[in-house]
Amino acid sequence: MKPHTAMRLFTAALCATFLAACGGEGQAVSSEAQTSPLPTASFDATGDWPEKIAVLYADFSFGDADPAPGAIEQYEYAHAGELAGEKLAKGLCELTGLDFFVTISALPDGLKVDWSANSTLVAGLDEREQKEGFFFYDADSMRWFMMDSLWRTMTQNLDAENIYYTMDGGNELAFGDLEPVAAFPADIPYMGSPFYFAHSDVRGEESVNLYFDEVDGLALIYPIAFVAPGLLNSDAAMEFSALDGEETLTYWTLPNTYDETPEAYFERRASLAPYAIAWVGGDPASGKIVVSAVDTVGAANALRGCVQHVFVLPDRVAIAQIECAPEDLARWHDVALEEISIDEAAMGAGDAAWSAISAALSDRLASGLALMETGEEVIGGEKCATFALGTDTAEKFTAQEHYAVSPSGQIYVMDILAGGEYLLFFPR
C-alpha cells in the first residue's frame with residue numbers, strides 16, 4: 001500500500017440525499033466514504049454545520065513498535081454534536097469498507113467495546129469487494145488492523161484511559177488462530193499490536209527473585225537458580241542456596257569506612273587480600289563492579305571460587321557473593337554481570353513494596369515511564385500490592401504493564417498473553 005503523507009479529510013458530514021452513514025450494529029455500509037485533500041465545507045446528515053474535527057486512524061503497524069512512515073494514516077473527520085465512540089466506529093466503517101460493528105459502554109477507567117458477531121473482525125472478510133487502500137490478503141492482518149485502528153482512534157479522540165475489548169455480548173474476544181496472541185481477557189485493556197508482538201518474544205525467559213533490604217533501603221535482584229526467601233546465617237548475612245547445585249549466594253552490607261570509590265575499594269581489597277582478586281567488569285560510574293577470586297576454605301584447604309557483585313555507596317558497600325567451584329567461575333561471572341543487581345530503593349513512599357518495584361524497574365522509570373500503585377491481589381496465597389507501569393501526562397495515566405509485589409519481596413508481572421495471569425517477573 002502506498003504511503004500517505006498528508007492528513008486527509010473524511011466527512012461524516014455527508015449529504016443525506018447521496019449517502020447513508022454506517023448504520024447501527026449489524027447494518028451494512030450503504031456507500032463508500034468520500035475523501036478529498038481539504039474540502040472547504042461539509043454538512044452532516046441533519047443539515048447542521050459540522051462543529052468539530054476528529055481524526056480517524058488507519059493503523060497498519062501490524063505489531064511494529066517503530067512503524068514506517070505512512071503505516072499509520074490519519075483522516076480528518078468532520079462531525080456535528082458530541083463525539084462518541086459509536087460515531088468514530090461508523091466513520092471507520094465508511095472509510096475502510098469494513099464493518100466496525102460495536103457496542104460501547106462506559107467503565108470507571110475507560111470504555112468497554114463489544115464487537116458484534118457480524119462485525120468483520122469476528123465474522124471475517126467473507127466475499128465482499130474490498131476497498132482500494134484497505135485490501136487484506138489474510139485474516140491476521142485484517143484483525144490487527146481493525147483492533148489497532150479503533151483503539152488508536154478512540155484513545156486519541158476520546159477521554160478514555162483504557163479500551164477493553166469483548167465480543168458478542170461481553171464474552172472474551174478470542175480467535176482460533178491469530179498470532180502471536182489469540183485471546184484478549186475482558187478485564188485487561190487492549191494495548192496495541194506492538195505490545196503483544198514484543199511480549200511474545202520474551203515469554204519463557206528466566207525469571208528473577210528479589211530480596212528487599214529494609215535496613216539499608218536496598219533491593220537485591222538475583223536469579224531464580226537460588227531459593228527465595230533466603231535465611232540469615234551465623235554472620236548475620238542473608239544466604240540463598242542454589243536449587244540445583246552446591247553454589248551459595250550471600251548478601252551483606254558494611255560501612256564505607258574510607259569513603260572509597262568503586263575503583264579505590266577494589267584496589268584496597270586487592271592489595272590486602274592473601275589471594276589474587278580479579279576485576280571482571282561492571283559500571284564504576286553507577287557504583288557497581290564485579291570482582292572474582294579463588295581462595296582455600298576449610299581444614300583441607302580446598303579451592304573455592306567466589307564472584308562478587310559490589311555496589312559502592314558513599315556511606316556503605318553492599319555485596320552479593322556467589323561461592324562456586326573454581327572451574328565454574330566464568331559462568332558465574334556472566335551471572336554477576338547480567339543477572340544480579342543491587343539498587344537503592346525509593347524509600348520516600350514509605351512502602352517496601354513500592355521501593356522493591358521501583359528498584360526492579362529502575363531502568364524503565366529512568367526512560368520516562370511512570371509507576372502507579374493500583375491496589376492489592378492475592379497471588380500464591382499472599383496478599384500482594386499491585387502496580388501499573390505506563391505513561392503519565394497532565395491529562396491521564398495510561399497503563400502499559402502490570403506488576404505485583406509480595407510481602408516477601410517477590411515480584412510478579414501480569415502476562416497479557418496468558419490471560420492476565422501473574423507470573424514471576426521477566427527481566428528486560
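Biologist: Does Cys 306 count as buried or exposed, and at what relative accessibility?

Modeller: Keep in mind that this is a predicted model. Cys 306 counts as buried, at 15% relative accessibility, because the cut-off for that label is under 20%.

Biologist: And how far is Cys 306 from the nearest cysteine sulfur?

Modeller: The search of the whole structure turned up zero disulfides. For Cys 306, the nearest cysteine sulfur belongs to Cys 324, 7.8 Å away, while a disulfide needs the sulfurs within 2.5 Å. Cys 324 is buried too, at 0% relative accessibility.

Biologist: OK, on to charges. How many salt bridges does the structure hold?

Modeller: The general idea goes like this: side chains of opposite charge can pair when their charged atoms come close. Here, the structure holds seven salt bridges. One of them pairs Arg 316 with Asp 216, at 3.5 Å from N to O. Arg 316 sits in strand 18 and Asp 216 in the loop between strand 10 and strand 11, so the pair ties together parts 100 residues apart in sequence.

Biologist: Which residues are joined with Arg 316 into one network?

Modeller: Asp 216 and Asp 315, through salt bridges that share partners. The closest N and O atoms of Asp 315 and Arg 316 are 2.7 Å apart. Arg 316 is buried at 12%, whereas Asp 315 is partly exposed at 48%.

Biologist: Where do Glu 401 and Arg 364 lie?

Modeller: Glu 401 is in strand 22 and Arg 364 in helix 8. Their side chains meet in a salt bridge at 3.2 Å, N to O. Glu 401 is buried at 7%, and Arg 364 is buried at 18%.

How values were computed: Residues numbered from 1 in each chain as written. Predicted model: local features only at pLDDT ≥ 70, side-chain atom pairs only at ≥ 80, totals over all residues. Heavy atoms only, no water. Buried < 20%, exposed > 50% of the residue type's maximum accessible area, 1.4 Å probe, protein only. Salt bridge = Lys/Arg side-chain N within 4 Å of Asp/Glu carboxyl O. Helix = DSSP H or I, 4+ residues; strand = E, 2+ residues; numbered from the N terminus.
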